[in-house]
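Me: I would like to go through this structure step by step. Could you help me read it?

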Amino acid sequence: MPSPRYWREIPNRFRLEAARCTGCGTVAFPARTICPKCRGRELESVRLSRHGKVVTSTVVRVAPDEFMMEAPYAMAVIETPEGARLMTQVVDCDPDTVGPGMEVDLVFRLIRKEDHGGILCYGHKAVPVGG
Amino acid sequence: MREVAIVGAGMTRFGELWQSSLRDLFVEAADEALRAAGADHVDSIFVGNMSGGQFVGQEHLGPLMADHLGMAGVAATRVESACASGGVALRLGFIEVASGMSDLVLATGVEKMTDGADVTNVLASAADQENEVYHGITFPGLYAMIARAYMTENDLTEEDISWVAVKNHKHGAMNPKAQFQHEVTLEQVMNSTMVSDPLRLLHCSPVSDGAAAVLLCPLEQARKYTDRPVRIVGSGLATAPMALAHRPDPARLDAVARSAERAYGMAHVTPGDIQVAEVHDCFSIAEICCIEALGLLEREAAVKGAVTGCTALGGRIPVNTSGGLKAKGHPVGATGIAQTIEIFEQLRGEAGDRQVEGARLGLTQNMGGSGASSVVHIFEGV
């Protein structure tokens with residue numbers, strides 16, 4: 001992932017910045033300029049809560065090269081209280097215990113390393129509440 | 001709009017075809033389609049291809065393929081919609097003939113996946129790179145999440161999913177073009193390596209090389225090329241949010257339902273009229289979701305379709321008589337055209353041991369990514 005591309009993504013990756021449509025209330029994450037539901041153009045910046053609930057999940061056992069050392073790992077679609085959904089890894093637990101309905105906190109972590117000695121890429125992962 | 005017919009077809013065997021390059025595969029399939037129809041020229045060529053650039057470092061496939069077919073000079077365009085590239089190439093060819101712009105069009109698909117590229121990473125580029133792939137998800141992982149969401153809402157078991165693979169291998173065993181011409185048992189599927197829970201290795205379509213081509217012309221000219229043309233009576237293309245997280249319900253494939261509605265509407269038919277269907281079973285769970293979204297069966301019957309034999313040869317609505325992507329193979333850009341050829345042969349009564357008796361109306365459904373694009377065609381024997 002080239003550095004300018006990574007840098008552009010910092011607002012959502014580091015700060016969980018989303019956009020709320022002032023017309024219909026839809027929360028889009030990452031932020032967009034056009035509401036995906038009503039096509040409204042008036043969106044305000046909103047930060048997602050650092051917790052949520054698993055909508056659906058899996059355990060990746062055959063992983064891409066960059067994640068091979070971490071396999072098997074759980075991945076899930078998480079819904080935050082604002083109604084935004086995001087794809088994250090679920091860590092600090094037995095991956096087999098992750099499933100729909102699980103309450104999680106979103107924590108700031110190293111996600112991957114850029115190829116060929118490039119930058120370290122950060123973002124959020126989920127951990128089970130009280131885990 | 002003019003009525004459009006398919007008058008010739010050609011395809012390579014699907015599989016690990018190490019002796020053939022991307023262009024070799026294309027030429028073999030396209031030339032066979034031209035010869036079958038006795039055509040010595042075309043007005044235009046559409047080349048469905050997901051990622052020549054990443055798989056073998058080759059873009060700009062329109063002119064390359066026209067040149068190697070001995071037709072440098074002809075209009076030729078590469079078409080991309082991930083794994084639905086072939087189906088979209090057919091749609092563009094159909095529109096070009098229907099509109100009157102061209103009289104003779106080759107709609108093709110080709111993919112060369114076994115030349116050493118990192119296939120998992122290349123395929124992942126059909127998902128949302130910045131919001132999904134960045135975090136470590138794979139394609140089996142995305143479909144596994146669809147499966148788990150579906151299982152949470154419905155009475156769907158791993159065994160139900162596994163029967164889809166058993167059924168499609170049974171069909172594939174009768175297809176001389178299939179990558180896997182052998183059956184598998186339920187036990188083999190259920191005990192195969194877990195790839196991404198709950199999907200196992202034998203729920204996944206393979207990595208394949210292959211090409212397929214069909215020749216299109218106005219129906220009123222079809223008899224020049226064949227005694228048994230097959231008419232394209234409906235075409236529908238639709239999209240859905242790219243990322244699984246951005247869809248209202250990850251268990252529902254809205255693009256499939258929308259593309260089907262458009263195709264049924266154009267053809268003036270209902271799902272109950274369809275007698276044979278090729279459906280995008282890139283992972284076995286996808287066949288179940290797609291059959292439901294296409295309206296071929298109600299949800300409960302769709303879940304149990306392969307278990308009860310309802311979707312097998314001889315059943316109420318045979319699905320993937322070719323062996324599907326699972327057994328026939330899935331050279332991604334070629335798949336939509338290969339599906340078309342199976343239905344073409346079924347409606348001409350040429351499917352041999354796989355023949356659905358008396359089939360007059362058939363359907364293909366070809367999907368891109370985790371369901372962000374879907375294209376449906378409906379065909380009628382003439």
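**Two chains in a predicted model**

Reply: Chain B exposes about 12600 Å², and carbon and sulfur atoms supply 49% of that surface. Please keep in mind that this is a predicted model.

Me: And what is the accessible surface of chain A?

Reply: For chain A the accessible surface comes to about 6600 Å². Carbon and sulfur atoms hold 52% of that area.

Me: How many helices and strands are there in chain A, then?

Reply: Chain A has 2 helices and 8 strands. Read from the N terminus on, the order of its elements is α-α-β-β-β-β-β-β-β-β. The radius of gyration of chain A is 16 Å, close to the 14 Å that the globule rule gives for 131 residues, so chain A is as compact as a globular protein of that length.

Me: What does chain A span along its principal axes?

Reply: The C-alpha trace of chain A spans about 45 × 35 × 25 Å along those axes. Of its 131 residues, 46% count as buried.

Me: Back to chain B. How many helices and strands are there?

Reply: Chain B contains 14 helices and 11 strands. A compact globule with 382 residues would have a radius of gyration near 21 Å, and the 19 Å of chain B agrees with this. In chain B, 66% of the 382 residues count as buried.

Me: Which domains is chain B divided into?

Reply: Domain 1 of chain B covers 4-117 + 207-224, and domain 2 covers 127-205 + 232-381. Taken over C-alpha atoms, the centres of these two domains are separated by 22 Å. The contact between them takes 43 residues from domain 1 and 33 residues from domain 2.

Me: Let me pick a residue. Where is A334(B) found?

Reply: A334(B) sits in the loop between helix 13 (324-328) and helix 14 (335-348) of chain B.

Me: Is that residue, A334(B), buried or exposed?

Reply: A334(B) counts as buried, because its relative accessibility is 0% and the cut-off for buried is under 20%.

Me: What does A334(B) touch?

Reply: Not counting residues up to four places away in sequence, A334(B) touches F14(B), G109(B), V110(B), G210(B), A211(B) and A212(B).

Me: New topic: helix 9 of chain B. Which residues there are buried?

Reply: The buried residues in helix 9 of chain B are D254(B), A255(B), V256(B), S259(B), A260(B), A263(B), Y264(B) and A267(B).

Me: What covers the buried residues of helix 9 of chain B?

Reply: The cover includes strand 8 (230-239), helix 10 (284-293), strand 10 (361-368) and strand 11 (373-381) of chain B. After helix 9 of chain B comes H268(B), whose phi is positive, near 55°.

Me: What does T56(A) contact?

Reply: Leaving aside neighbours within four places in sequence, T56(A) is in contact with M75(A), A76(A), V77(A) and P100(A), and also with M145(B), R148(B), A149(B) and P250(B). The side chain of T56(A) reaches the backbone oxygen of M145(B) at 2.6 Å. A polar atom of that side chain of T56(A) also lies 3.3 Å from the backbone nitrogen of A149(B).

Notes
Residues are numbered from 1 along each chain as its sequence is written. Chains are lettered from A and ligands numbered from 1 in the order in which they are written. This is a predicted model: local features need pLDDT of at least 70, side-chain atom pairs count only at pLDDT 80 or more; totals for chains, interfaces and linings use all residues. Side-chain values use heavy atoms; hydrogens and water are left out. A polar contact is a pair of N or O atoms within 3.5 Å; within protein, one must be able to donate a hydrogen and the other to accept it, and residues adjacent in sequence count only if both atoms are side-chain atoms. Contact means heavy atoms within 4.5 Å. Buried means under 20% relative accessible area, exposed over 50%, partly exposed in between (1.4 Å probe, protein chains only). Helices (H or I, at least four residues) and strands (E, at least two) are DSSP runs, numbered from the N terminus. The radius of gyration is taken over C-alpha atoms; the globule rule is 2.2 Å times the number of residues to the power 0.38. Accessible areas come from the Shrake-Rupley method with a 1.4 Å probe; for residues, only the protein chains shown count as cover. Domain bounds come from an automatic or database domain assignment.
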